[in-house]
Protein chains: 2
Amino acid sequence: MCEANAYIVENGNEELLMESVDIVEPEEDNSSYRLISIFGEQKIVKGRIRMMNLVDHRILFEKVM
Amino acid sequence: MCEANAYIVENGNEELLMESVDIVEPEEDNSSYRLISIFGEQKIVKGRIRMMNLVDHRILFEKVM
């Protein structure tokens with residue numbers, strides 16, 4: 001399976017937001033993203049994408065100043 | 001391998017931008033993204049992310065009006 005783990009970077013630290021993320025889609029306000037895991041779990045992340053590394057299964061978000 | 005294919009949606013049609021994308025990162029202007037494939041190929045996409053579906057290996061971009 002090719003899901004990824006999503007992290008948010010804050011003060012230089014990475015905090016795990018969700019494991020096994022399947023779907024990432026922007027919310028209508030365009031300042032947050034909806035994450036949906038392969039288990040159907042959902043979470044809204046306020047921030048923007050800093051980097052996705054699919055081979056390493058990593059999606060990094062960062063807060064917008 | 002867990003890379004994905006990147007498409008841009010225009011007038012309801014999906015056009016393939018790049019196969020085997022590993023890395024997606026925003027450019028400094030925040031209105032475009034740099035794609036890097038597992039082969040080292042690079043491409044800049046002007047637009048925003050509409051949807052990522054990692055299990056289906058799909059990243060959809062759309063142009064900003």
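Q: Which residue takes a positive phi in the hairpin of β1(B) and β2(B)?
A: This is a predicted model. Look at the residues between the strands. In this hairpin there are two of them, and B:Asn11 has a positive phi near 55°.

Q: How many bridges join β1(B) to β2(B)?
A: Count partners across the pair. Strand β1 (residues 4-10) of chain B is joined to β2(B) by six bridges, and the two run antiparallel. As one landmark, B:Ala4 sits opposite B:Val21 in β2(B).

Q: What does β2(B) form with β3(B)?
A: Another hairpin, with five residues between the strands. B:Asn30 lies in the turn, with a positive phi of about 60°. The pairing of β2(B) with strand β3 (residues 32-37) of chain B is antiparallel, over five bridges. Within it, B:Glu25 has B:Arg34 in β3(B) as its bridge partner.

Q: Which strand of chain B is joined to β5(A)?
A: Follow the bridges across chains. Strand β2 (residues 13-26) of chain B is joined to β5(A) by two bridges, again antiparallel. There, A:Asn53 stands opposite B:Ile23.

Q: How should I think about side chains along a strand?
A: In a regular strand, side chains alternate between the two faces of the sheet.

Q: What is the volume of the largest pocket, and which residues are closest to its centre?
A: The volume is about 290 Å³. Of 16 lining residues, the closest to the centre are A:Asn30, A:Tyr33, B:Asn30, B:Tyr33 and B:Arg48. The lining divides into eight nonpolar, six polar and two charged residues. β5 (48-53) of chain A and β5 (48-53) of chain B each supply at least two lining residues.

Methods: Residues are numbered from 1 along each chain as its sequence is written. Chains are lettered from A and ligands numbered from 1 in the order in which they are written. This is a predicted model: local features need pLDDT of at least 70, side-chain atom pairs count only at pLDDT 80 or more; totals for chains, interfaces and linings use all residues. Side-chain values use heavy atoms; hydrogens and water are left out. On a 1 Å grid over the protein atoms alone, a cavity is a set of points where a 1.4 Å probe fits but cannot get out, and a pocket is an open set with protein on both sides within 12 Å along at least five of seven lines; lining residues have an atom within 4 Å of a point. Grid points are joined across faces, edges and corners, and a volume is the space filled by probe spheres set on the points. Helices (H or I, at least four residues) and strands (E, at least two) are DSSP runs, numbered from the N terminus. Ala, Val, Leu, Ile, Met, Phe, Trp, Tyr, Cys and Pro count as nonpolar, Asp, Glu, Lys and Arg as charged, and the others, Gly among them, as polar. Two strands pair if DSSP finds at least two bridges between them.
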